[in-house]
Amino acid sequence: MKYDVLLYQSGLIVLMAAVIWNAVVIFKLSAVIKQNKPIWILPAFAAVLLAAAFCFHAYASYSLLPQMTELINRMASSDVMLDPARLGTLKIQMAQVKDALIWLKMASFTAFGVAALMLLMSNLIYLKWISK
Amino acid sequence: MSEEAMQVYSHIAVVSAGVLFWAGFMVFGFIAGRYTKVFNRETFSGLLMTAPSGILIYAILMLLRSSTMVKSQQFNDGLQVAAYVFLLVSAVLCLAGMIKFGKLLDELLKYKG
């Protein structure tokens, strides 16, 4: 296991915990100023999105990347190199795994970005309330 | 969508996310700062405003990594690890700030109640 993957995933989990705490604190602060609008839902949903980003990243790291490594190793073996049919099949499989990896990366970063936007929105709304 | 377009989109998304997270936690730091005056107590607003800086550094390092300026793979890997370390440290500090502020808030609400 590459340690940089663990670093990023640990960062995501701790960030998710911080966002959950943000939701709890915003919930309590809304009660302090007697605001009934549930803006705490925004950071709570952001935490769910971060969990989704974590799952996408984990699936790519622990399932697809080892699959890709195995395909590369199989491709390097001499009996595959000499068999054009098997080589073609392996190339197709590799392209499919590569596509899945790119899509997962996009989905993971999109969830990360939307989560950040939701956190910012809830805090901005609260700041606007207390700035009146 | 072409593969190149998807890669560009991913780079833009991760850098924007870093900047937005930094801004989100900074705004929370401002909120805590306002409550320093209201409660006349230290609300850890300094910690809450400096803690997300690591997320901004993460975004800058990821931007640098995705740029065409850096050609060495070894340097790129180093940038990625540094970015992840900044993200983790910053997230830990943000969590610590949130927990400290949350506990203070509980204490004050109990006193008020």
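Begin by selecting the helices around the largest pocket: α1 (3-32), α2 (41-76) and α4 of chain A, with α1 (3-39), α3 (53-66) and α4 (73-112) of chain B, each supply at least two residues of its lining. Helices here are DSSP runs (H or I, at least four residues), numbered from the N terminus. The model is predicted: local features need pLDDT of at least 70, side-chain atom pairs count only at pLDDT 80 or more, and totals for chains, interfaces and linings use all residues. Residues are numbered from 1 along each chain as its sequence is written, chains are lettered from A and ligands numbered from 1 in the order in which they are written, and side-chain values use heavy atoms, without hydrogens and water.

Next, display the pocket itself. A pocket is, on a 1 Å grid over the protein atoms alone, an open set of points where a 1.4 Å probe fits, with protein on both sides within 12 Å along at least five of seven lines; lining residues have an atom within 4 Å of a point. The largest pocket holds about 900 Å³ of space, a volume being the space filled by probe spheres set on the points, which are joined across faces, edges and corners. Of its 28 lining residues, select A:His57, A:Leu65, A:Lys105, B:Arg65 and B:Gln80, which lie nearest the centre. The helix that gives the most to this lining is α4(A), with seven residues.

Remain on α4 of chain A, which spans residues 84-131, and select A:Lys98 within that helix. A:Lys98 is partly exposed, at 36% relative accessible area (partly exposed lies between buried, under 20%, and exposed, over 50%, with a 1.4 Å probe and protein chains only). Beyond its neighbours within four places in sequence, A:Lys98 is in contact (heavy atoms within 4.5 Å) with A:Met68 and B:Glu3. From the C-alpha atom of A:Lys98 to that of A:Ser122, 24 residues apart along the chain, the separation is 37 Å.

Now move to helix α1 of chain B and select B:Ser10. B:Ser10 is buried, with 1% relative accessibility. Not counting residues up to four places away in sequence, B:Ser10 touches A:Lys105, A:Met106 and A:Phe109.

Finally, show α1(A) beside α1(B). The two helices pack at an angle of about 35° with their axes 12 Å apart; axes are lines fitted to C-alpha atoms over the stretch in contact, and angles run from 0 to 180 degrees between N-to-C directions. Residues to select at this contact include A:Leu15 and A:Val19 in α1(A), and B:Phe21 and B:Tyr35 in α1(B).
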